[in-house]
Amino acid sequence: MDLATFFRDEGVDVFARVGIEDLTDADRASVLEFFPAARSVIVFGKEVPVPVYRMPQKEKTREMLRIAESLDNAAVRLAGCLDAEHIPSRPIPLYLPVRIVDGRVQGVVRLKHVAAAGGLGEIGKNTVLLTPRFGPRLLMSGVATGAPVQEAGIGGVAGENPAPLCTGCGACIRACPEGAIGPDGVDAFRCRTVRAWIPPPVVPVVKWLLRRQLLLRSVAPLAPLIARTATIRCSLCVTGCPAFSGVEGER
């Protein structure tokens, strides 16, 4: 199928098709665990406009959820189109399941790392994908497919960026009011947004639950409903990044 046309119709800003052989061993294993027939991952994203981050918390959350859910719906439609062409595929879930690795929470498929492997950007110290065009203001979704990558290239990307996008300046670390960002990455349970839902005393119980994948899969269909009741209380690790505006924001 013509991915460029599909994503243009869906309002997607950037996309890449990444062969599993181009992923790290850990990410390749995660993709194959999620979808054993996978030979590539199609990862794609939409910009979160700069003004969204200046909105009141509830309005900002509502707008980000709207963008995220549009991506999730696009993933379901893309998987359906591929299946219709007899290409086995599976949309990567937006919320759950997740897993605990080395004490850190991560998605069952790390879309940010897949996107970085596909040339869409690089991972910053705030663990967010930094892109030349949008900085850290990109929400993503993806589909694992049974088709190999037949041609190189990425779509919807404005030019190349030979300079590092993350300079290691530490601005995101200093901006975090809870000290959640450190040399080993982000401790999600110290994030102000997460702590509003999961107070420190119950973190050990939540970590135990997150390790029970069967339980997570059973509650995953409820995750979008739960997310709609949440509020993004802090985005300082994003807005404090020197790359925040990106090329589009500067324009």
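Leaving aside its neighbours within four places in sequence, L78 is in contact (heavy atoms within 4.5 Å) with M1, L3, F6, F7, I42, F44 and V143. The model is predicted, so that local features need pLDDT of at least 70 and side-chain atom pairs count only at pLDDT 80 or more, while totals for chains, interfaces and linings use all residues. Residues are numbered from 1 along each chain as its sequence is written, and side-chain values use heavy atoms, with hydrogens and water left out.

L78 is also one of the residues with the most contacts inside the largest nonpolar core, the others being F7, I42, F44 and V143, and this core has 25 residues in total. A nonpolar core is here a set of buried Ala, Val, Leu, Ile, Met, Phe, Trp, Tyr and Cys residues joined through side-chain atoms within 4.5 Å; buried means under 20% relative accessible area, exposed means over 50%, and partly exposed lies in between, with a 1.4 Å probe and protein chains only. Helix 1, strand 2 and helix 3 are the elements that give two or more residues to this core, where helices (H or I, at least four residues) and strands (E, at least two) are DSSP runs numbered from the N terminus. Helix 3 provides the largest share of the core, eight residues. A second, separate core has 23 residues, among them V14, F34, A115 and F134.

At the N-terminal end, D2 caps helix 1 with a side-chain oxygen that lies 3.2 Å from the backbone nitrogen of A4, and just after helix 1, G11 takes a positive phi of about 75°.

How many aromatic pairs does a search of the whole structure find? The search finds four, where rings of Phe, Tyr and Trp (its six-membered ring) pair if their centres lie within 6.5 Å, and planes under 30 degrees apart count as stacked, over 60 as edge-to-face and the rest as tilted. One of them is the tilted pair of F7 and F44, at 4.8 Å centre to centre and with 40° between the planes. This pair links distant parts of the chain, because F7 is in helix 1 (residues 3-10) and F44 is in strand 2 (residues 40-47), 37 residues apart. Both F7 and F44 are buried, and together with F6 and F15 they form one aromatic cluster.

The rings of Y53 and F244 have their centres 5.2 Å apart and their planes at 85°, so this pair is edge-to-face. Y53 is in the loop between strand 2 and helix 3 (57-84), and F244 is in the loop between helix 10 (236-239) and helix 11 (246-250), 191 residues apart. Y53 and F244 are both buried, and the charged end of R137 sits over the ring of F244, 5.8 Å from its centre.

Finally, S70 is found in helix 3 and is buried, with a relative accessible area of 17%. Its side chain is joined to that of K46 by a polar contact of 3.0 Å, that is, a pair of N or O atoms within 3.5 Å in which, within protein, one must be able to donate a hydrogen and the other to accept it, and residues adjacent in sequence count only if both atoms are side-chain atoms.

Methods: A charge sits over a ring if NZ of Lys or CZ of Arg is within 6 Å of the ring centre and within 35 degrees of the ring normal.
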